Amino acid sequence: MDLAYTEEEQDFRARLREWLLKALPELPARPSPDDWPGRRAYDLGWQRRLYEAGYAGLHWPVDAGGRGATPTQHLIFLEETERAGAPYVGANFVGLLHAGPTIAAEGTAGQRARWLPPVLRGDEVWCQGFSEPDAGSDLASLRTRAVRDGDDYVITGSKIWTSHAEVADWCELLVRTDPEAPKHRGISWLAMAMDAPGVTVRPLRTLAGSTEFAEVFLDEVRVPVGNRVGAENDGWRVTMVTLSFERGTAFVGEVVACRRTLGELARTARANGRWDDPALRRRLGRLYGEFGALWRLTQWNVSESERSGGVPGIGGSVFKLAYSHARQELYDVAAEVLGASSLSLDEEWVQSRLSSLSYTIAAGTSQIQRNIVAERILGLPKGR
């Protein structure tokens, strides 16, 4: 992999920096973390600015509405927007990082035309309806039923940990369409309108006090058969495409953010005298090396995704496993550097530390990632 920047890539970076210098001061104040309608409007507003400037869906294929940028340009975009303090995808993350790329890879021409432009323009928000109370890590055990009735599926069941459900327009939904088939083969991937009759959303409050997740109850909800992405009962394969995006490239921007956070911690430690502790310096140094390695792995994963037609491979599980634990250690070190101030829930550091605890569970637990690495990369036999 050639990590040197070409003249064209350096020019792209310069133009992006210039645009960010003009665009960021024009943004309104960030809404309160508890104001989800306000956060939706803020995040969609930023997405609209990106769209109008030609930066929305930068790495998406041109025929999916993107710019068809190279992997390196995509990484430059993430580096520069994070360093400038630009908003992240926020409430748009499922549409931009999971559902949208899945539809681009697996959807029909009509589905791509219907759903992808509104995501890129900042018109619609998506949520993810995968996990259920009895189907988390063992996702293929899901029980939400979809019974065919003419041109519709009639859906009954419930989902949990549905991100941003209370402000979403659409849900990427996994349902069981053949209860008699082996559990991995009777699943279908649907796009469900969140305002459909029979959909009830109940927000869940997290350890950090946020309500970014929700339970979603489905009582005979009708979804058109035309909203199915992929063939009936082929949803598990489509889901693997979704999860490859979720684990392989969706965390790219967060690695950049963690590297910036690490630099801030080092400066704070120098200012408050904790830098004199050699054990702390060793931990910071090790994390510096670890996040540097994760960034290189990110570059490799993104390049591999480009070479394989835009869908990340199983190397994303290696990244997800390493990144989840590195992020948790980063915020453990943050508590050590900040001392008593790290106990205040009003501090952004504390919110980030509490959030980091979920990373070894979200998007596939670390145990699941270890199984994938062992079986699919190392070729070890399946455990009993």
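Figure 1. Because 11 of its 14 residues are buried, helix 4 is largely enclosed by the rest of the structure; buried denotes a relative accessible area under 20%, exposed one over 50%, and partly exposed a value in between (1.4 Å probe, protein chains only). The model is predicted: local features need pLDDT of at least 70 and side-chain atom pairs count only at pLDDT 80 or more, whereas totals for chains, interfaces and linings use all residues. Residues are numbered from 1 along each chain as its sequence is written, and side-chain values use heavy atoms, with hydrogens and water left out. Helices (H or I, at least four residues) and strands (E, at least two) are DSSP runs, numbered from the N terminus. Helix 4 covers residues 93-106 and reaches 19 Å from its first C-alpha to its last, close to the 20 Å expected at 1.5 Å a residue; the expected span is 1.5 Å times one less than the number of residues. Among the buried residues of helix 4 are L96, L97, H98 and I103. A kink of about 40° lies at A99, shortly before the proline P101, the bend being the angle between axes fitted to the seven residues ending at a residue and the seven starting there.

Figure 2. R15 and D11 form a salt bridge, with their closest N and O atoms 2.9 Å apart. A salt bridge requires a side-chain nitrogen of Lys or Arg within 4 Å of a carboxyl oxygen of Asp or Glu, and by this rule the count comes to 26. Because R15 and D11 are 4 residues apart in helix 1 (residues 7-23), about one helical turn separates them. R15 is partly exposed, at 38% relative accessible area, and D11 is likewise partly exposed, at 40%.

**Figure 3. Strand 7 and its partners.** Strand 7 runs antiparallel to strand 3, to which 8 bridges join it; two strands pair if DSSP finds at least two bridges between them. In this pairing, Y153 stands opposite V223 of strand 7. Strand 6 (residues 199-204) also pairs with strand 7 in the antiparallel sense, over 6 bridges, and V201 has V216 of strand 7 as its bridge partner. The side chains of R222 and D152 meet in a salt bridge with an N to O distance of 3.0 Å. Since R222 belongs to strand 7 (residues 213-224) and D152 to strand 3 (residues 152-159), this pair ties together parts that are 70 residues apart in sequence. R222 is partly exposed at 41% relative accessibility, as is D152 at 21%.

Figure 4. E336 and R283 form a salt bridge whose closest N and O atoms are 2.8 Å apart. E336 lies in helix 9 (residues 315-338) and R283 in helix 8 (residues 278-307), so the pair ties together parts that are 53 residues apart in sequence. Both residues are partly exposed: E336 has a relative accessibility of 28%, and R283 has one of 24%.

**Figure 5. Two residues with positive phi.** Most residues other than glycine have a negative phi. H164 has a phi near 60° and lies in the loop between strand 3 and strand 4 (170-176). H164 counts as buried, with 7% relative accessibility. E220 has a positive phi of about 55° and is found in strand 7. In contrast to the buried H164, E220 is exposed, with a relative accessible area of 56%.

**Figure 6. Aromatic pairs around Y55.** The whole structure contains 8 aromatic pairs, defined for rings of Phe, Tyr and Trp (its six-membered ring) whose centres lie within 6.5 Å; planes under 30 degrees apart count as stacked, over 60 as edge-to-face and the rest as tilted. F12 and Y55 form an edge-to-face pair, 6.2 Å centre to centre with 70° between the planes. This pair links F12 in helix 1 with Y55 in the loop between helix 2 (36-53) and helix 3 (71-83), 43 residues apart. F12 and Y55 are both buried. Y55 and F77 form a stacked pair, 6.1 Å centre to centre with 25° between the planes. F77 lies in helix 3, 22 residues from Y55. The relative accessibility is 6% for Y55 and 11% for F77, which is also buried. F12, W19, W46, Y55 and F77 form one aromatic cluster.
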